[in-house]
Amino acid sequence: IVTDQPEKYAGVTLPLGVEVKHRDGLDAIQREFREVLGTSVIIYDQTCAAEKRRRRKRNTFPDPNERVVINDLVCEGCGDCSVQSNCVSVAPLETEFGRKRTIDQSSCNKDFSCVKGFCPSFVTVKGGQMRKPEKVGNVEFPAIPAAEVPALTGAYNVLVTGIGGTGVVTIGQLLGMASHLEGKGVSVLDMAGLAQKNGAVTSHIRIAPTQDALTATRIATGEADVVLACDVLTGASADALSRLSTHRSSAVVNTAVVMPAAFTRNPNLQFPLGGMEAEIKNTCGADSTFLVNATKIATALCGDSIAANVFVMGYAFQKGLIPLQEASILRAIELNGAAIDMNKSAFVWGRRAAANLKRVNEIASPKMVVVGTMKRSESVDEMITRRVEFLTAYQDAAYAKRYSDLIANVRNVELAKTPGKTALTETVARYLFKLMAIKDEYEVARLYTDGTFEKQVASQFEGNYELNFHLAPPLLAKKDAVTGHLIKKRYGAFIMTGLKVLAKLKSLRGGALDVFGKTDERKMERALLKDYVATIEMIATKLAPFNHKEAVALASVPEHIRGFGHVKERHVTEARVLEVSRRQDFDSAKNDLTVVSNQMKAAD
């Protein structure tokens with residue numbers, strides 16, 4: 001038996017030969033059992049993560065007073081945390097220094113398996129509670145007009161699309177109950193598919209003057225009157241789009257970016273938001289499609305992203321797309337009995353957003369900021385300046401000058417050989433910095449103790465809490481007997497004292513007394529920097545208009561070098577293969593005029 005809680009089997013008498021192990025040993029057990037002749041059995045005992053969340057809402061399942069946060073400045077964006085946890089609550093965070101990771105606290109199942117990702121950026125916050133947004137109170141808001149309720153002459157079809165675990169089915173329940181309260185006919189068909197958080201969920205809701213007017217529960221092709229796309233990805237799916245038509249349908253679309261499960265296996269996955277918005281507009285018509293980041297606004301004003309779907313429903317109601325009375329919907333929320341005040345508030349804010357989105361954004365925006373997350377640079381100059389300042393704090397002014405001098409040289413060459421282009425300068429500025437600001441022991445210590453991270457945590461949590469760090473110091477950590485990888489260990493808040501001392505020793509970096517610099521990983525990182533500088537110097541020598549694109553591609557190879565320890569080693573191996581390919585592309589790029597000249601000579 002493998003389980004996340006071996007202790008619950010204490011005192012339990014099991015048949016002879018049955019052992020209880022922690023789930024972390026599953027791989028070793030499978031390797032052992034594959035050598036056993038005959039039948040063997042492994043029972044994996046753990047409550048479904050989605051079920052945990054449901055039970056916790058009903059206070060019928062233990063809810064540990066502990067949460068996970070990520071120091072995005074330490075994070076390398078390697079995605080090993082997603083590989084270890086297979087959890088979509090580990091979300092991408094686009095920052096000044098590239099794509100990192102963050103925890104969606106509203107959807108987190110508190111499984112904590114993400115902490116096993118081989119990365120020192122994970123911290124668990126024990127005790128205290130999530131900081132609640134400031135109450136909006138009696139905010140000045142222009143009076144909104146009464147919504148026009150569409151008249152029912154036949155069946156009115158509402159399609160709700162979203163993802164599992166966010167309350168899509170709840171919207172169907174609320175509209176169904178509100179219809180019942182008004183004596184209308186109603187049918188609700190929920191299509192939840194797999195019981196998987198972030199899996200696609202749709203709800204077909206048909207409302208009519210009488211129950212006899214409804215002869216089918218599924219909305220037919222092209223017959224949806226409105227789609228509440230609580231998730232843009234499911235709203236732009238082929239199945240959802242097939243229910244819409246330009247002459248009949250309208251759409252309210254939540255434009256929040258929520259990565260699909262494929263992101264756990266592909267850290268470079270891009271979210272084509274613009275393309276999906278265009279698909280919906282093309283199907284419904286631009287004038288009948290309403291785009292709003294409901295998740296961002298609802299989280300800021302209601303304190304939980306789970307309020308987003310009701311916000312979308314309120315938005316649609318104000319736009320005259322729901323054939324029910326406000327009083328009936330609010331009563332349905334009361335009868336539902338879950339988070340009544342929050343859902344009522346979300347409904348009202350949705351109505352307000354439909355009437356005056358600019359004002360709602362103004363009210364919500366100050367509450368959306370998490371201290372510590374740096375906004376992305378708006379120009380190449382700003383990006384370079386920020387990195388010079390960072391490298392000065394990382395090591396010293398002389399180290400930062402090495403960086404700025406090389407960037408200045410690349411910029412002059414690019415300007416001279418390819419006037420008007422800046423992509424190579426921007427690329428080198430980004431990735432030379434990446435290789436110079438490696439996350440060694442001194443730097444990780446600095447990024448935890450310079451005050452930025454503590455302010456970030458304080459902006460999210462309040463009360464009496466303590467921090468626990470999950471680290472694998474290369475000179476102290478044990479190795480896994482099966483994989484040979486270092487094993488992370490939990491360290492209490494006391495380690496902050498040691499980290500502060502370590503941060504002050506950054507002047508030892510690269511010197512004779514740098515004990516950390518003698519490890520294979522540090523030697524590899526120094527070699528990577530040396531090789532990259534040589535590559536950039538070579539590019540600068542051979543740069544021409546006809547190979548500029550290939551030069552940028554070659555200079556961007558370090559984008560694929562991420563992570564720590566064995567994760568970084570794997571990425572370095574892959575990056576070196578990619579570098580060979582891109583170097584060949586750069587070397588083989590031909591001047592178009594040369595190609596034409598050669599063709600003419602061959603013709604002669």
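**Close-up views of a predicted model**

**View 1. Helices α14 and α19 lie side by side.** Here helix α14 (residues 397-417) packs against helix α19 (residues 520-542) at an angle of about 25°, and their axes are 9 Å apart. Axes here are lines fitted to C-alpha atoms, for helices over the stretch in contact, and angles run from 0 to 180 degrees between N-to-C directions. Helices (H or I, at least four residues) and strands (E, at least two) are DSSP runs, numbered from the N terminus. So α14 and α19 are roughly parallel to each other; angles under 35 degrees count as roughly parallel, over 145 as roughly antiparallel, 65 to 115 as roughly perpendicular and the rest as oblique. The crossing of α14 past α19 is left-handed, a label used if the near helix is turned anticlockwise from the far one by less than a right angle (clockwise would be right-handed). On the α14 side, the contact uses Tyr-399, Arg-402, Leu-406, Val-410, Val-413 and Lys-417, and α19 brings Leu-529, Val-533, Ile-536, Ala-540, Thr-541 and Lys-542. Contact means heavy atoms within 4.5 Å. Sorted by class, the contact of α14 with α19 has eight nonpolar, one polar and three charged residues. For these classes, Ala, Val, Leu, Ile, Met, Phe, Trp, Tyr, Cys and Pro count as nonpolar, Asp, Glu, Lys and Arg as charged, and the others, Gly among them, as polar.

A quick note on the model: it is predicted, so local features need pLDDT of at least 70 and side-chain atom pairs count only at pLDDT 80 or more, while totals for chains, interfaces and linings use all residues. Residues are numbered from 1 along each chain as its sequence is written, and side-chain values use heavy atoms, with hydrogens and water left out.

View 2. Look for Leu-424 in helix α15 (residues 423-436). At 3% relative accessibility, Leu-424 counts as buried (buried means under 20% relative accessible area, exposed over 50%, partly exposed in between, with a 1.4 Å probe and protein chains only). Not counting residues up to four places away in sequence, Leu-424 touches Val-410, Glu-414, Ile-539, Leu-543, His-548, Ala-551, Val-552 and Ala-555. One of these, Val-410, also belongs to the α14 side of the contact in View 1. Leu-424 and Lys-549 are 125 residues apart along the chain, but their C-alpha atoms are separated by 8.5 Å.

View 3. Helix α16 (residues 441-449) and helix α18 (residues 495-504) pack at about 120°, with axes 8 Å apart. That makes α16 and α18 oblique to each other, and α16 passes α18 in a left-handed crossing. From α16, Glu-441, Tyr-442, Ala-445, Arg-446, Tyr-448 and Thr-449 meet Met-496, Leu-499, Lys-500, Leu-502 and Ala-503 of α18. The residues of this contact split into seven nonpolar, one polar and three charged.

**View 4. Helix α9 is tucked inside.** In helix α9 (residues 308-318), 11 of the 11 residues are buried, so α9 is largely enclosed by the rest of the structure. Among them are Phe-311, Met-313, Tyr-315 and Gln-318. Zoom in on Asn-309, which sits in α9 and is buried, with a relative accessible area of 4%. Leaving aside neighbours within four places in sequence, Asn-309 is in contact with Thr-166, Gly-167, Val-168, Ile-171 and Cys-230. Just after α9, Gly-320 takes a positive phi of about 75°.
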